[in-house]
Amino acid sequence: MATEEVDPRFADLDAWPLTSAMEAMWEGQLAAVAAIGHALPAITAATEGAKAALGDRGRIVYVGAGTSGRVAVQDGAELTPTFAWPNERVRFIVAGGDSAFVTSIEGAEDDVEDAVTQINAARLTAHDVVIAVAASGTTPFTVAALQQAGSFGAVTIGVANNPGTALLASAKFPILIETGRELIAGSTRMKAGTAQKIVLNLISSGIMLRLGRVYRGMMVNMQPTNAKLKRRAEAMVAQIAHCDPSHAARSLEQAEGDIKTAGLLALGLDRVDAETILKNCDGNLRRVFAELTKERNRHPKEAAPRKQGGAVEP
C-alpha cells in the first residue's frame, strides 16, 4: 500500500535543513488537497445518496480506527453547533470506544467482533448513513463495521486512500482519495488525514446544504448559545430581512433564538404564520421565500406583509 511505503524522495528527510523539510511537508499537504479533485463526482454521489436516505429521522454514523477515527469524530462533533443537527442523530463507532478519541488503543483496529457488536447496538435502518474512513482501506474493524451496516440496509460510504481495497469494495458509495506515499512512511495523520478531513467536511456540509440548513451562505440553523453566536445570529437576521441591527435583535428574542423564524418576524410575518410556512417548507428558507413570492403574485392587490427595513426576497 502506497501509504505504508517509504518515498525515496524523502528517505533522508530527517537529515535535511528544517526549512527544506517544512517546505516538503507543506507541499505534501497541497498534494493531498489536489488529490480530492478526481473524487468530486464520487463525493457528490455519496452526498446525494445520504441526503435522500436521512429524511427527518435518519442518523449520520461515523466509523473509524486510530487517526481516521479521530478525524471522523472531529467532523461529526461539529454538526450540532454549526447546523443544529440533533445530537441523537449523530453517532460514533470507533475502535477502542470513546477512550480512543484522545488515546491510542493498541490492537483495537483488529477487533472485528467489537465492530459488529457496536453496529448491532446502533440498531441501524435504511434511513441511516454510515461513513467509514480508513487510510489503508483494509482496517479490519472499519471494514467489518461497514459490511455489518450494509446488512441492515443503511447507506454506506467508504473513504480510503488506497485503491482496490476491502473498504471501498464493501461501500455502496466508495470514495478513493489517492494521496500516495507519505513523507513519513505510514504517518497517515499527514497527507491521508488532511484529505480525509476535507472529504468529510464536503460530505457533511453538502448534506446540510441539501437539507436547507444553509441559506445564502449562512448557517441559519445555528443556535446562539453564547455572546459571539448571538451577535452572529443577529447579523444573519439583519441580512435576511434587510433591517437594522436593533430590529434584528428584537426579532431574534421574540423567536427565542430561532434565526429562520426571526428573519420572517423581522419581515413582518407573525409568529404563527412564520412557523407554519417554515414547517410546510421543511425549514428551507429559500423555499419559504419562493412560496411568499408566489402568494404575493397570486394576490397582488392584497397588502403584502409589513416590512421592517427590507423586502421579502424572491
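Student: How many bridges join strand β1 to β2?

Tutor: This is a predicted model, and in it strand β1 covers residues 60–64 and runs parallel to β2. The number of bridges joining β1 to β2 is five.

Student: In what order do the strands of the open sheet lie, and which are the edge strands?

Tutor: The sheet is open and its pairing is parallel, with five strands in the order β2-β1-β3-β4-β5. An edge strand here pairs on one side only, which is the case for residues 90–94 and for residues 173–176. Neighbouring strands are turned by 15° against each other on average, direction ignored. The edge strands are therefore β2 and β5.

Student: At about what angle to β3 does helix α8 run?

Tutor: Helix α6, residues 140–151, lies across β1, β2, β3 and β4 and runs at about 160° to β3. Helix α8, residues 191–210, lies across β1, β3, β4 and β5. Its angle to β3 is about 170°.

Student: Is the pair formed by the rings of Y215 and F289 stacked, edge-to-face or tilted?

Tutor: A search of the whole structure finds three aromatic pairs. In the pair of Y215 and F289 the ring centres are 5.7 Å apart and the planes stand at 40°, whereas stacked would need planes under 30 degrees apart and edge-to-face over 60. The pair links distant parts of the chain, with Y215 in the loop between α8 and α9 and F289 in helix α13, 74 residues apart. The pair is therefore tilted.

Student: Is E256 buried or exposed?

Tutor: E256 is found in the loop between α10 and α11, and its phi is near 55°, a positive value in a residue other than glycine. Most residues other than glycine have a negative phi. With a relative accessibility of 65%, E256 counts as exposed.

Student: Over which residues is the pLDDT below 50?

Tutor: The chain averages a pLDDT of 92, and 95% of the residues score at least 70. Where pLDDT is low, the predicted coordinates should not be read in detail. That caution applies to a stretch which has 28 contacts in the model beyond near neighbours in sequence, namely residues 308–314.

Key: Residues are numbered from 1 along each chain as its sequence is written. This is a predicted model: local features need pLDDT of at least 70, side-chain atom pairs count only at pLDDT 80 or more; totals for chains, interfaces and linings use all residues. Side-chain values use heavy atoms; hydrogens and water are left out. Two strands pair if DSSP finds at least two bridges between them. Helices (H or I, at least four residues) and strands (E, at least two) are DSSP runs, numbered from the N terminus. Axes are lines fitted to C-alpha atoms, for helices over the stretch in contact, and angles run from 0 to 180 degrees between N-to-C directions. Contact means heavy atoms within 4.5 Å. pLDDT is the predictor's confidence in each residue, from 0 to 100. Buried means under 20% relative accessible area, exposed over 50%, partly exposed in between (1.4 Å probe, protein chains only). Rings of Phe, Tyr and Trp (its six-membered ring) pair if their centres lie within 6.5 Å; planes under 30 degrees apart count as stacked, over 60 as edge-to-face and the rest as tilted.
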